[in-house]
Structure formats: C-alpha cells, structure tokens
Amino acid sequence: MKDLINYTLHLADDALILGHRDSEWCGHGPVLEQDIAITNISLDLIGQARNFYQYAAQLINETVNDPKKIATEDTLAYLRDNRDFKNCLLVEQPNGDWAKTILRQFFFSTFQYYLYGQLQNGNDEQIAAIAEKSLTEVTYHVRWSSEWVIRLGDGTEESCHRMRNAIDELWMYTGELFSVAGYESKVVTQRIPVDMALIRAEWEKKVEEIFNEATLTAPIGVFMQTGGKEGNHTEHLGYILADLQFMQRAYPKSEW
Amino acid sequence: MITNKIDKRTIYSYLEEVKDPEVPVLNVIDMGIIRDVMLHEDQLEIIITPTYSGCPAMDVIAMNIRIMLSTLGFKKIKITQSLSPAWTTDWMSEQGKRKLKEYGIAPPGPKPQVCNEKLFGPNEAIQCPHCDSWHTHRVSEFGSTPCKALYVCDDCKEPFDYFKCH
C-alpha cells in the first residue's frame, strides 16, 4: 500500500510542479494566444494533480486512525517538504526562455502521453480512470508543443540557436523519466504493469521524428542526472515550494 | 422530501435548471456531465463527470446542484465524481449543440476527428456560428476556457470560440 501511495504521489507531483511552472507564464506569454495556451495547459496539469492527490489522500486515510493525520489534496500539495516531493527533475527546471519552456513541455507531455496510454489499461481502477481522463488533454499538449519545437527549430537563426541551448540544458534530465524508483518497482511490475522500455522507445521515436522536422539533433552519450523521483531535487524545487506553499505555511488552514 | 416518491425523470428535469457558469446557455444535461441519478433509501446520489480535469466550473456546478436540490427539500445529497469512461463532446445533447451555435460558439463536431497527437493531418472544418461559412481558420487550440479553441471566420471576419472536440 505504501508503494502505491508513493507512486500516486509521484504522478501527482510531476503534474503539479510542471503545472506551477507553466502558470508562471500567466501574463508574460510572448503573444496573448500563447499566454492563454500555456496557462490552459497549466490548468489541465493542476487538475490532473488534484485527481491524483485526492486518490493518494483516500489511500492514506484508509490506514490512518488519528483524525489529526487525515490527508487531503491540500495537505499533500501544501504541507509536504522538499524531500517528500517525488517529481522528476525535468519538471522543476526554470522556465528560461520560451524555447526552454516549450522543449520541457514537449519532453514531458510526450512521456506522459505514452505512460498514461499504458496506465489507463492497468489494474488500478482509479489510476486508470485518471489516466484515461487526462489522455485527451495531454494529446493537445503534445500537438501544441511539437508544433512549437518545429517552428522554433526550423525557424530563424535566433530561434534555432535558442532551441539548441534548450536541448543542451534539458537533455540531461530526460533519462530520469524512464528510471524506476524504489517504491515504483513493485507497483509497475505487479499492480499496474508498465513497460518502461517500450515507453522509452516510443518517446525516442517521437522526439527523433519531431527533431528531424525541426532540423535539430538529439545529443548522444550525455550523463543523465536523476534523483527527483526519490526526493533528491535540484535547488529549484525549494524556491517553487516557497512560492506555492506560502499561504498555507503563513496562514495555516486558510481557505480561499 | 421523501426520495422514494420521486422518480429519476423528475430529478433530471430539476437538473435542467442548473447551468454551466462559463457557458450559461447550457445546462448540465446538455453538457452531458450527469452520468446517473441514484435514489437510495434516504439519500439522493448524483454522479457527475468532469469535462476537463482542471475545469474550475466543475466545483461550481457541483455546488449549484447541491444548492438547487436542497432548496427543493432534499436533505441528504451526495455528489460523486466519476472519471471513467472519460467525458466526450459526443455526450453533449443535440439541443445543447444548437444552443451553443445560437450563443455564438461553434459546437463540437462528431467524433472521430483529428483529436490525436499527429501533426500535419487534415484540419477539421469548422463552421462559423455567425455567417455559417466553412471558410474559417484556427488561431489557437486553446481559448478562454479549457473546452474552447479560438477561430476566425475568413468571410465575415468575426473571431469566434469553437467548443473543441474531446
């Protein structure tokens, strides 16, 4: 049960943290339509995170007797510490310029697309339902971000240069997407069979296809940084949480 | 009110009074978000399904259903969210689609369409809700609410929202 709770929290944290990052663009997008697009994507991700947190809270509460320790979606998002968060390092990376935000979205949404495709057929009914529900939304995110990768990569000298910089900065965090954390190994072999090797192959194929169209090349032989799924984060997560959790830390149990 | 004297159809007719706060011409039945109504011994259970995971209207809709039913005298109301099968625009009623068009929002077409991750596929033809021209183009796949995309008509030049297929 503990493993399943942690795995559900990992799925929730990935969606929440990327949703929060995307929301930082609100009012700052390069043009109005794209400001709306990135914040819409943010909303989808935060909605997906809520569904996973609600399920994690339900699982936690099944094992808790002390009413003070009852979990809710809010306590899980707002009152856990840096080391408790299980999101991948990729999603906590700063927005940088538009190219970096786009590329981070493309890498993650493509991964999410293939992962949720498998989760929706898994044996855990609630995770399958959330994955099924999210998949239609993620499909839009994949299309939108792929189009932008192509537009920038195969655009002007400047946009292509920025896209290459983004690849240099983010590629080292892509390996972690396919790594299997300690709590995850039992869950994805027994309870919800997930074929990570297949997801990785599909992801690589899609990235290659879009990069080819975008006149970009994927680096080879790069050291892959991992740790986020196990709670070892880059310095950036602390700053995100300081912002995200401020209200509940400063005014405990305040309601909107 | 004693729930066992009420039939489902009556509840559904009450629910027609609950509107979508973002698209006030549509009620929750038109939207296709009411999956079931269950009359338990002393409790009325309404099963709803969200349109989009993060749609802020869903919390308001659930609250409005609760308020509406309690003003009618129902004491115990349970609203259950069901995610699977996932909501699709195919569940929107024909009447709902007509109301949308009259309101100035292009209604979703029937599935299957181009809701896949592939690029450079054929583009969906969307009819302008103002002048009925098919000569339109997409400005952005994301609009003022999660369920809409931005379009513009190349004939009457009016911008419009399209309730995107899902």
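Reply: The C-alpha centres of domain 1 and domain 2 of chain B lie 27 Å apart. The assignment gives domain 1 as residues 3-81 and domain 2 as residues 90-163 of chain B; such bounds come from an automatic or database domain assignment. This is a predicted model, in which local features need pLDDT of at least 70 and side-chain atom pairs count only at pLDDT 80 or more, while totals for chains, interfaces and linings use all residues. Residues are numbered from 1 along each chain as its sequence is written, and chains are lettered from A and ligands numbered from 1 in the order in which they are written.

Domain 1 and domain 2 of chain B each give 12 residues to the contact between them (contact: C-beta atoms, placed from the backbone, within 7 Å). On the domain 1 side of chain B, those residues divide into seven nonpolar, three polar and two charged (nonpolar: Ala, Val, Leu, Ile, Met, Phe, Trp, Tyr, Cys and Pro; charged: Asp, Glu, Lys and Arg; polar: the others, Gly among them).

The C-alpha trace of chain B spans about 55 × 30 × 25 Å along its principal axes. Chain B holds four helices and seven strands, in the order α-α-β-β-α-β-α-β-β-β-β from the N terminus (DSSP runs numbered from the N terminus: helices H or I of at least four residues, strands E of at least two). Among contacts in chain B with a separation of 6 or more, 54% join residues 24 or more positions apart.

One open sheet of chain B has three strands in the order β1-β2-β3, with mixed pairing (strands pair if DSSP finds at least two bridges between them). Its edge strands, each pairing on one side only, are β1 (34-39) and β3 (77-81) of chain B. From one strand to the next, the twist averages 15 degrees. β1(B) and β2(B), residues 44-48, run antiparallel and are joined by five bridges; within β2(B), Glu45(B) stands opposite Met38(B). Helix α3 of chain B, residues 57-71, packs on this sheet and touches β2 and β3 of chain B, its direction making about 160 degrees with that of β3(B) (axes are lines fitted to C-alpha atoms, for helices over the stretch in contact; angles run from 0 to 180 degrees between N-to-C directions).

Another open sheet of chain B has four strands in the order β4-β7-β6-β5, with mixed pairing. Here the edges are β4 (105-106) and β5 (136-140) of chain B, each of which pairs on one side only. Four bridges link β5(B) with β6(B), residues 148-153, in the antiparallel sense, and Arg138(B) has Tyr151(B) in β6(B) as its bridge partner.

Of the 166 residues of chain B, 34% count as buried (20 or more other C-beta atoms within 10 Å of the residue's own; 12 or fewer is exposed, in between is partly exposed, with C-beta atoms placed from the backbone).

As for the other chain, 19 residues of chain B are in contact with 26 residues of chain A. The chain B side of that contact has 10 nonpolar, seven polar and two charged residues.

Methods. Contact = placed C-beta atoms within 7 Å.
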